[in-house]
Amino acid sequence: MSAETQKQQQQQQQQQALHSGMKRHFYSQHSSTQGNAVDLCREMLLQAATDMPLPSNTTTTDNQANAALHGEQQQHGCHCCCCINVAEWGCSHGANSIAPVALTAEVLQQRLAVGCSMYSRNFPRASLSLGFSFSSLHWQSSSAVRLSRTVNPGCSKTTPEEHAALRAHAISDLSAFLRLRGEEFVPSGLLLLCYVGYSDAVPLSECGSVSGVESLLSGMAFHDAAQAVAEGMVADGLLQLEDLGSMAAPVYFLDEASQRGVYADVADTWELLSFDIVDNVSPMRREYQEGRASNEQQAAPQVFVNFWRALMEPFMQQGLARPAAGRSAADVAALLATFFERMTAAALANLQPASYPAARVLLRRAG
Ligand SMILES: C[S@@+](CC[C@H](N)C(=O)[O-])C[C@H]1O[C@@H](n2cnc3c(N)ncnc32)[C@H](O)[C@@H]1O
């Protein structure tokens with residue numbers, strides 16, 4: 001045994017001795033003094049996370065990603081924006097290490113606005129063991145499919161032709177996403193996805209038709225509420241009919257058969273460990289259901305409208321401000337204000353707190 005190997009073994013034994021015989025979590029529960037050391041460095045850590053260099057916001061093509069992430073293109077000032085490695089040396093059972101990670105993540109959250117598209121290669125080949133995507137995979141890679149007269153493809157007035165084109169786009173995006181991630185994960189790596197996706201038990205055509213029964217899709221009535229408000233503004237001469245499609249966000253919610261078809265297609269790369277579709281009910285809605293809602297009449301419509309607004313306003317703004325419409329920024333702001341006022345009134349008249357069907361998928365990288 002070489003002196004070097006002997007030294008490494010001794011170090012490993014020392015490390016094991018430090019925690020051997022201890023009950024699980026005992027170290028974590030009795031190391032607040034060590035935890036205080038993290039607190040003592042809090043400001044320094046926040047400053048370091050603020051000052052550390054970030055990779056530039058250069059997006060990478062499929063083929064560039066690997067080389068770029070290994071620094072091969074740094075001489076051209078081009079490297080991927082999505083891979084930031086942070087390390088701690090000496091992390092015991094981990095509890096005291098989570099705090100600095102959380103602090104760092106908080107700062108990074110503010111510094112990282114928009115990264116690479118998830119429909120391109122983002123990480124080096126075989127570099128990921130665990131990954132997840134929440135509430136994002138129903139966003140399309142492009143706005144290639146434009147709606148004619150509806151403010152959202154979830155609306156019951158979206159045409160069958162538009163549905164067909166959007167569905168094909170969504171299927172191709174989900175496949176591309178999985179193929180790309182397939183390159184980035186190590187064998188047996190796990191990928192958890194949660195996105196808006198329908199169960200075939202409730203056909204898409206029923207979206208928005210609230211029957212009073214608590215159906216899986218009843219909460220999706222907000223798409224039709226927005227459509228009704230937009231059509232009302234057309235009737236009042238505030239909007240043109242072309243505005244409606246131009247305000248839509250590039251999202252689509254796949255039916256279960258299409259989703260399963262994609263997972264079957266990529267089965268050579270991703271083993272489907274579990275798949276189900278559950279109702280994602282906003283906490284506010286649960287409060288009504290359980291009779292715990294306070295200040296229900298004021299708060300609920302606002303929750304509902306703000307849920308929509310947070311997601312859709314940037315796209316509505318962009319659509320209304322398109323050059324062909326010839327509007328000033330003030331005109332656009334006034335139209336948006338009217339739209340959301342009317343949506344709040346509609347929500348007050350017919351309470352529909354946000355909820356939607358969420359597909360939950362767990363995949364394991366084959367190989
Ligand atoms: C509804 S938000 C979900 C954000 C967060 N995961 C959450 O759970 O609150 C959808 C996110 O997907 C992002 N997104 C949409 N298309 C994307 C794309 N092609 N590549 C990367 N991110 C995208 C949007 O910018 C947005 O941040």
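In which sense, left-handed or right-handed, does α7 cross α10?

## Helix crossing

The model is predicted. In it, α7 passes α10 in a right-handed crossing. The axes of α7 and helix α10, which covers residues 256-265, come within 10 Å and cross at roughly 35 degrees. On the α7 side, the contact is made by Arg167, Ile171, Leu174 and Ser175, and on the α10 side by Ser258, Val262 and Asp265. By class, the residues of this contact are three nonpolar, two polar and two charged.

## Nonpolar core

The largest nonpolar core has 49 residues. Val151, Ala225, Ala226, Val229 and Met343 are the residues with the most contacts inside it. The elements that give two or more residues to this core include the helices α7 (160-184), α8 (221-235), α12 (296-320) and α13 (329-349), and the strands β2 (185-196), β3 (270-281) and β4 (355-365).

Leaving aside neighbours within four places in sequence, Ala226 is in contact with Val151, Asn152, Trp308 and Met343.

## Leu244

Leu244 lies in helix α9, residues 241-246. Leu244 counts as buried because it has 24 C-beta neighbours inside 10 Å. Apart from neighbours within four places in sequence, Leu244 is in contact with Arg149, Thr150, Val151 and Ala230. The C-alpha atoms of Leu244 and Leu320 are separated by 8.9 Å, with the two residues 76 residues apart along the chain.

## Ligand surroundings

The residues around the ligand are Ser117, Met118, Tyr119, Phe134, Ser135, Ser136, Trp139, Ser141 and Leu311. This shell has five nonpolar and four polar residues, and no charged residues.

Definitions and conventions: Residues numbered from 1 in each chain as written. Predicted model: local features only at pLDDT ≥ 70, side-chain atom pairs only at ≥ 80, totals over all residues. Near = placed C-beta within 6 Å. Nonpolar A, V, L, I, M, F, W, Y, C, P; charged D, E, K, R; others polar. Core = buried A, V, L, I, M, F, W, Y, C linked by C-beta atoms within 7 Å. Buried ≥ 20, exposed ≤ 12 C-beta atoms within 10 Å, placed from the backbone. Helix = DSSP H or I, 4+ residues; strand = E, 2+ residues; numbered from the N terminus. Contact = placed C-beta atoms within 7 Å. Axes fitted to C-alpha atoms, helices over the stretch in contact; angles between N-to-C directions. Left-handed = near helix turned anticlockwise from the far one by under 90°.
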